[in-house]
Structure formats: C-alpha cells, structure tokens
Amino acid sequence: MITLESYTNGRWQGGSGESVSLRNPTTEEHIAEVSSHGVDLAAAFSWGREQGGPALREVGFRKRGECLKALSTAIHEHREELLDLSIQSAGTTRSDAKFDIDGATGTLAAYAHFAKAIEEDAFLVDGEGGQLGRTPRFWGQHILVPKHGIAVHINAFNFPVWNMAEKMACSLLAGMPVIEKPGTPTAMLAWRVAQIIVESGLLPGGAFQFVCGGARTLLDHTGPQDCVAFTGSSRTGAHLRSNANAVRHNVHINIEADSLNAAILGPDVDADAEAYGLFLSNVQLDITQKAGQKCTAVRRILVPEERVDEVAQDLCAHLERVKVGDPAERETRMGPLASAAQLEDVTRGIGRLAAEAEVLTGGPERTSEKGYFVAPTLLKAKDPGQGVFHEIEVFGPCATILPYSGEAGDAIALANRGGGGLVASLYSNKRGFAEEVCLGISPWHGRVWIGSDKLADQASPPGTVLPQSYHGGPGRAGGGGELGGLRGLEPYLQRTAVQGFQGWVEKAFGGAEK
Ligand code: NAP
C-alpha cells in the first residue's frame, strides 16, 4: 500500500489522522492511502508568495515558456509508466490514458509555443493605446501584469494529468506559482506526475506545490492577490464561491463545472452523408470514452422526429459493439467508472432518467460483481421537454435521444434548456441552418462545434478540448473560461490602465512602438 504525499514548503509529507483509501476500479483492490490532514497550508501559501512568485517573475514570458516545454518533455519521458498507472489506478483504457497524459504534455508544449509570440517583458501589452485628453499628450495604455499571489488549482478526478497541466501551463507562463489539488479518487496518477515535476528541478522553489487529499480549508488561506481555478461539479463550485474568506478578499474564482452537452443532427443529414457517419462515431466516442466521465461528453442527442428510429438503431449497433471490460486488455474499448461513489451516482442517475425514457440499450444496473462497471446506455425521451433531461448530469456512459421537429428554432430552444454548456455539436451541410443554430445557441455555450461532410476526416471530435480554443461556458457550466491561447493567462494577470504623458507611456508600455 502506497501513501500519497503532499509536496509543500520544499518537502514531501504524508497526511496524519484519518485517510481515504483508493482502489483499483477494475479489481477494487486497495492501492493507496491519502490524507491532507496536518499539511501546513498557511506555510505553503507563504512559501509560494515569498519564494515562488518572485523567482518566476525574475524572468519574462519567453523564459517561462521554455520551462513549460522542458516540463512537457520531462513528463513525456515517463509516458509508458504513466499510461500503465492510469490503467491501474483510474480504470482507463490505454487510449483514454493517452487522451489525459498526451493531452497534458501537448497543452504544456502548446503554451510554450504561444509564449514565443510574446515579448520577453515583465508585462503584456493589452490592445492599442489611445488619446484621453484634448490632445494626444494625455495618453492611456492597458497592460497586464502577473498577480503577486498564489494560483490555487482544484481539479476534477476525471483528467488527473491534463487538468493539472492545462491550469499550470497558463499560471506558470503568466508568472504565478501554483498549488495543485487533484481529485482524490484518481490522485495517484496526479501524485506521480507531481513527483516527476519536482524531481525534474525545472521550477524554482515555491513555484509548484501539490496538496493531495481533501484539503477542505484551502480557500481559507487565500488573499487579494491569489486566484482559484476550480474544475468539478456545479454544487462544489457554488460552495467554493461562497467561501467567506474568498468573498471578503474578492478572490477571483474561475469555475469550470458540469454541462449537459447537446449534439444536434440537422434535418438535411441523411444516412448517406459523411456528416452522418461523423455524428454516429462522435456520439459513440463521447458515450464510451473514459466511460463517459468527460465534462464535454454529449448527454442530449437532438434528432429530427422522423429520423429517431433509424438513428436509435444505428447508435445502438455502434454502442453494442463496444467491448467493455478490463482496461488492461488490448481489445477493451471501455473500462469501469473511476470509483465506488461514481458507480453509485451513475446507476442512480441512469435510473432517474430511465423513469422518463425508453431504455434502448444498457441500463441502470451494475454489470459486474467486481469492479465499477456499467454498460454504455442509450435512452429515448418520452417527452423531450421533461426537465429531468435538462437538469441531471449523469457523469458516466449515458446519453438520451430527444426528438425535435427539425426546425432550427426547436433545436435552439432544446439545446439552451441545459442552462449553459461547455460545448454543443451540430451536424449539417446546410450553411443557413448551421448559422442560425450556431448564433441561437452561442449565448448559452462556450464552444460550438460544426460538423459537415467537408470536415469528415479533418476535425478532432467535439469532446476534445484544444489549447487554442476557449474552454468554459456560462450558467450551469460555471461561468468560467480557460485556455483559448493567450486568453488563458488572463485570470492570473491584473489589467492596469496606465495614464500619463504620451511620450513616456508609449515608450514604456506601448509594445511595438517602444
Ligand atoms: P467534485 O466532487 O465537485 O470535486 C472537484 C474537486 O473539488 C475535487 O478535487 C474535490 O476534492 C474538490 N472539492 C470538493 N469539495 C471541496 C471543498 N469543500 N473545498 C475544496 N475542494 C473541494 O467533482 P468531481 O466528482 O471530481 O468531478 C466530476 C464533475 O466535474 C462533473 O460534474 C463534471 O461535469 C465536472 N467537470 C467539469 C469540467 C470542466 O472543464 N468544466 C472538467 C471535468 C469535470 P475531493 O476529490 O478530495 O473530494
């Protein structure tokens, strides 16, 4: 049995008192213990603020970018070991494990690349300067400077490596030290990556700290220069947002929460269209990849009424071909859920949806005596307007077909009933329909992915979060935003409007004119 330790104040330390026991989701065998009790969080915040921040800010954006590239390489060197650990500790297939681990190293490398476009300065120039007074002598220029605090990152269990890396990439490049807290059920993988990061010696002391375990008092230590980036359920997000200390100090809290992502099949996409094949394979992938434990996975499938039976049959055929089982076996395409708690949540959630739907394949039952397995599940709503389909996120391999009229307005109304989403995917070869739906759902979604025959062999699936594109969503999805190239640095930077004599302001802060 391994004890997972936290890395704070320059040393590794196991927690004291009651610990949480982690299990292999396939065999239910105990694999590790974890506790954050006794970790001196106040000292961790001080070490980060006093040592890590100044050391990071001593160099500029480009040097920090080079450091991200080196971190990406250091983690990649352990790829095989990490893939095996993911299979064992998180129940992922090898392909799911690559999605997490290669996604992490790819995102670190992408931010290293974005950094090459930035001046090696202590600040970023934000837009053009402008005249403020009667004459151009009184001039204004916005700049962005690194905050002098700690970036606290609270991550979800489903992407233990990517979630940590995508957040770290943005804060470290911005010049803010991090305290990473992984989701406990899959913390073993995050802990091993944290060891690799520390052992690499690439980051100055205090720039990277790792708190493994519950760490429920993290936000009690935050101050006005700190910020929090959280990924997880909307319930936890709301709880964190109301933390009295964070409220008192107006700590910026970025929330990436859950989302009832919709896939919309356009009325023009018939069975012969390449876009139809794309729709079927993407929906199947979303339901089964990481056993559906993906914030971007499709949960609601909007299908024109007259096509529902045909689409249901085709999707069932796709899902029933998926081999579910031990993720260590080569032919397995879907592994177990990540934990016993997940199994309980998912089976209960499918049961609630099934009460208002027809079960087309799969169902709410556990499918094995050992291990946290359920079957890929497809439902058909009896009434697509029923609240349950637009309110309950089943964070597992389950989605529901919602019939709609085929009119753009109906698709828009149903998609937006999710109350705010991370991504909606839309399949159509008709530009007019695609444009109308895209504009109609954009206010409610952080990303709209449009699939057509022209993209059939070109696009990454809608569930893939790319560092170049914004990731987040309004309302239920948390109201936060991450990534999107250099936009992803914004939570870690203070925007300051510098006003003064044009000659001086432009020379000091005017970017290219300097
Ligand atoms: P969760 O239960 O909300 O937990 C998320 C993180 O918050 C974990 O690290 C958890 O720690 C921590 N946490 C919980 N209560 C806390 C508190 N009072 N103080 C400080 N930290 C606290 O969510 P999850 O089960 O890990 O993840 C699944 C959910 O995340 C799904 O709803 C999914 O849609 C969402 N998600 C969203 C995105 C996105 O980008 N929008 C991405 C992935 C997942 P412990 O694990 O120790 O409890």
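This is a predicted model: local features need pLDDT of at least 70, side-chain atom pairs count only at pLDDT 80 or more; totals for chains, interfaces and linings use all residues.
Local features need pLDDT of at least 70 and side-chain atom pairs count only at pLDDT 80 or more, while totals for chains, interfaces and linings use all residues. Residues are numbered from 1 along each chain as its sequence is written, and side-chain values use heavy atoms, with hydrogens and water left out.

**Exercise 1. Find which residues of β13 are buried and which strands pair with β13.**

Step 1. Buried means under 20% relative accessible area with a 1.4 Å probe, protein chains only.

Step 2. Now sort the side chains. In a regular strand they alternate between the two faces of the sheet. Here Asn261, Ala263 and Leu265 point one way, and Ala262 and Ile264 the other.

Step 3. Look for partners (two strands pair if DSSP finds at least two bridges between them). β13 runs parallel to β14 (residues 298-304) over 4 bridges, with Ile264 bridged to Leu302.

**Exercise 2. Work out how β7 pairs with β6 and β22.**

Step 1. β6 (residues 124-131) and β7 (residues 138-146) are antiparallel over 5 bridges. They make a hairpin with 6 residues between them, and Leu124 sits opposite Leu144.

Step 2. β7 also pairs with β22 (residues 493-501), again antiparallel, over 9 bridges. Pro146 is bridged to Leu493 there.

**Exercise 3. Describe what lines the second largest pocket.**

Step 1. A pocket is an open set of points on a 1 Å grid where a 1.4 Å probe fits, with protein on both sides within 12 Å along at least five of seven lines; lining residues have an atom within 4 Å of a point. This one holds about 340 Å³ of space. Of its 16 lining residues, Thr93, Arg94, Ser95, Thr332 and Arg333 are closest to the centre.

Step 2. Then ask where the lining comes from. α4 (94-115) and α9 (274-288) each give two or more residues, and α4 gives the most, with 4.

Conventions
Grid points are joined across faces, edges and corners, and a volume is the space filled by probe spheres set on the points. Buried means under 20% relative accessible area, exposed over 50%, partly exposed in between (1.4 Å probe, protein chains only).
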